[in-house]
Amino acid sequence: GWGQPAWELRKPHPALLSWNLCEMERCRWVPLPFHGERGHPGAPGRLFFKCGFRSCCRGQSQVASGRGWELPRSGSVSCFFLQMMQFAWHSYKLYAMGKNELRPLTKDGYEGNMFGGLSGATIIDSLDTLYLMELQEEFQEAKAWVEENFHLNVSGEASLFEVNIRYIGGLLSAFYLTGEEVFRVKAIKLGEKLLPAFNTPTGIPKGVVNFKSGSNRSWGWAMAGSSSILAEFGSLHLEFLHLTELSGNQVFAEKVRNIRKVLRKINKPFGLYPNFLSPVSGNWMQHHVSVGGLGDSFYEYLIKSWLMSAKTDVEAKDMYYEALEAIETYLLNVSPGGLTYIAEWRGGILDHKMGHLACFSGGMIALGAEDAKEEKRAHYRELAAQITKTCHESYARSDTKLGPEAFWFNSGREAVATQLSESYYLLRPEVVESYMYLWRQTHDPIYRAWGWEVVTALEKYCRTDAGFSGIQDVYSSVPNHDNKQQTFFLAETLKYLYLLFSEDDMLSLEDWVFNTEAHPLPVNHSDSSSGAGGRL
Ligand code: DMJ
C-alpha cells in the first residue's frame, strides 16, 4: 500500500538479483518521492509516476493521485534508481540550480572552493547519468543550462584534478554519448584554461591553477606547499588524450605524456610510487604510499590507459602490473579474522588501515585481471573478490550498513573506524563501484545483493526532504546529516548502482572506460596500431 517509507523495502527476491532487467515483461510504475508539479519536491499534492527504463518502459509517464509512495515490490529495480536520480536532481534544481552543490538541510546551494569560480558542478557531473537513465526532460534541462549559463570567463583558483575529472570528464562523456557540439567545445576551452598548471620546471603540474593570472601553486597542505600529489597529476591521462583527439591540438597529449615520462624514469622505492612529488626537482618528497586518498586514481589510470588505447599502450600496462606487484608485496595484508586489505606504507612502516577511497581497488584489480600474465589471472580475480568482501564488511559492521571514511585492522578490531573523525560517510561510490566490476566479471548475485543493501541504507539514512545527504557517523542509527549532496553521488554512486543492475552491454567494458568520476570515455578501437604514441 501507499505511505510505506522507502527504507522498509526488503531485499529483492533472490531471483531478481540475476534478472536481466530488459527482459522484464512490462514496466511497473514507480511513484516518485516528491509531490505536486514536476520539479517541485515537497509541494503538497499529487504523486508523479514515471518509469523510463529503455525498451521496457521508455518515455512513459503519468500523474496519479494519492499521498505517500511505495517501492517496487519486484521487477523494476532499475526504475528505482531512476527515481533516486530524479529526486537528487529535482531537489538540486529546486534549491540550488546553477550552484556547484546542493545543501539539502539548509535547502540552498554551495559553490565550494575547488572550482575556480566555475558553477554547475552537479549539472555537469549529472549529464551522462541522466542520459543513460533516459531521463530526457532532466537531461534537456541540464543541457540547456550548459548552453546558456555555463560560463568559462571565471577568475578564481581551481583544482586541476577536480576540474578535470568532474567538468572535463562530464563534458567529454556528454559529447561522446550525444554528439552535441556544445559539450565538445566547452570541454576543449576549459582544458585550455587548465594548461598553466603545467608551467613548472619538470612539467609535473601543480595542484592549483589561477584562472585569472595563469599562475599556479601547490596545495598549502601538501608538504608545506611544495608538492604535487600523485593521484592528482596521475589522473589526467584519459581526459587529456581525448581533448587532443577532439581538438586536434597536441598540447594536451604532450602534457600527460611528459608526466608519464617523468614517472617512468624516476627511481621508485621498492617499486612503489610515493604520494608526494616535487614539481620543481622531480624528486619524491616523502615516502608515503597509498592506494587510497592521494594515490588511488593514479593506478586506476594506468590500467585504464591500456584499455582505452585498445590495448596498445603497453607502457601503461607494464607500469600498472609492476606497481600492483609492489603493492601486493609491501602493502597487502590479511587480518587475523581473514580479511584481505591494502594497508598504507610510510617508509617501510605500515598503517593497518584502509580508506573508503581505497575500496575502488577491488574493481580495478578485477578489471585488470584478464590482461595479466596467465598464471596471475585467477589470483587477481580472487584478490579483487577478497578486497571487495573486506569493503563490504566495513559496511556490514556499522549500524547504518554504510561504510566509514577509514577502517582499521588492529587491537583485535577489524574493518571498523576507531574514531569519530573517521566514521563519516560522504555518499561515496567506491564500494558500489567495485560491486559493479565484480558483478560484470563473475555474475555472482552476491554483488547485487550487497548493492541493494547500500540502496536500502541510502534511503533510510541519507534521504532528506530535499535530496540526499552524507552522514557524520555510520555507527549511529540516528543520522546526523552533513548537509551536502556531493556531485559524485549523481555522477558515480547512482550510476554504478544502475549499471550493477543493468545488462552488461549497457556501457560495455569492451568499449568504454570510466574516468575516476565515473564518466564513460570510448575505447579507441579505430587506430589499434597507434600505441602510446598514437591518438589515444
Ligand atoms: C570522486 O571525486 C572521485 O571518485 C575521486 O577519484 C575520488 N573521490 C571522489 C569520490 O569519493
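The legends below accompany close-up views of a predicted model.

**View 1**
Thr516 contributes through its backbone, with an N or O atom 2.7 Å from an oxygen atom of the ligand. Taken alone, the ligand exposes 290 Å², and the protein buries 91% of that area.

**View 2. The open sheet β17-β18-β19.**
Three strands make up this open sheet, in the order β17-β18-β19 and with antiparallel pairing. Strands β17 (353-355) and β19 (413-416) stand at the edges, and because each has a single partner strand, one side of each is left without a neighbour in the sheet. Neighbouring strands of the sheet are turned by 15 degrees against each other on average, when direction is ignored. Between β17 and β18 (residues 406-410) there are 3 bridges, and the two strands run antiparallel; within this pairing, Lys353 stands opposite Trp408 in β18.

**View 3**
Strands β18 and β19 pair in the antiparallel sense over 3 bridges, and Phe409 stands opposite Glu414 in β19. The two strands form a hairpin with 2 residues between them, and in the turn Ser411 has a positive phi of about 50 degrees. Helix α14 (residues 374-396) lies across β17, β18 and β19, and the helix runs at about 105 degrees to β18.

**View 4. The pair of helices α11 and α12.**
Two packed helices are described by the angle between their axes and the distance between the axes. Here the axes of helix α11 (residues 296-308) and helix α12 (residues 314-330) come within 7 Å and cross at roughly 145 degrees, and the crossing in which α11 passes α12 is left-handed. On the α11 side, the residues that meet α12 are Tyr299, Leu302, Ile303, Ser305 and Trp306. Their counterparts in α12 are Val314, Ala316, Lys317, Met319, Tyr320, Tyr321, Ala323 and Ile327.

**View 5. The open sheet β6-β7-β8.**
This open sheet is formed by 3 strands in the order β6-β7-β8, and the pairing is antiparallel. The edge strands are β6 (157-159) and β8 (216-217), each of which pairs on one side only. Strand β7 (residues 208-210) is joined to β8 by 2 bridges, and these two strands run antiparallel; the bridge partner of Val208 in β8 is Arg217.

Conventions:
Residues are numbered from 1 along each chain as its sequence is written. This is a predicted model: local features need pLDDT of at least 70, side-chain atom pairs count only at pLDDT 80 or more; totals for chains, interfaces and linings use all residues. Side-chain values use heavy atoms; hydrogens and water are left out. Two strands pair if DSSP finds at least two bridges between them. Helices (H or I, at least four residues) and strands (E, at least two) are DSSP runs, numbered from the N terminus. Axes are lines fitted to C-alpha atoms, for helices over the stretch in contact, and angles run from 0 to 180 degrees between N-to-C directions. Contact means heavy atoms within 4.5 Å. A polar contact is a pair of N or O atoms within 3.5 Å; within protein, one must be able to donate a hydrogen and the other to accept it, and residues adjacent in sequence count only if both atoms are side-chain atoms. Accessible areas come from the Shrake-Rupley method with a 1.4 Å probe; for residues, only the protein chains shown count as cover. A crossing is left-handed if the near helix is turned anticlockwise from the far one by less than a right angle, and right-handed if clockwise.
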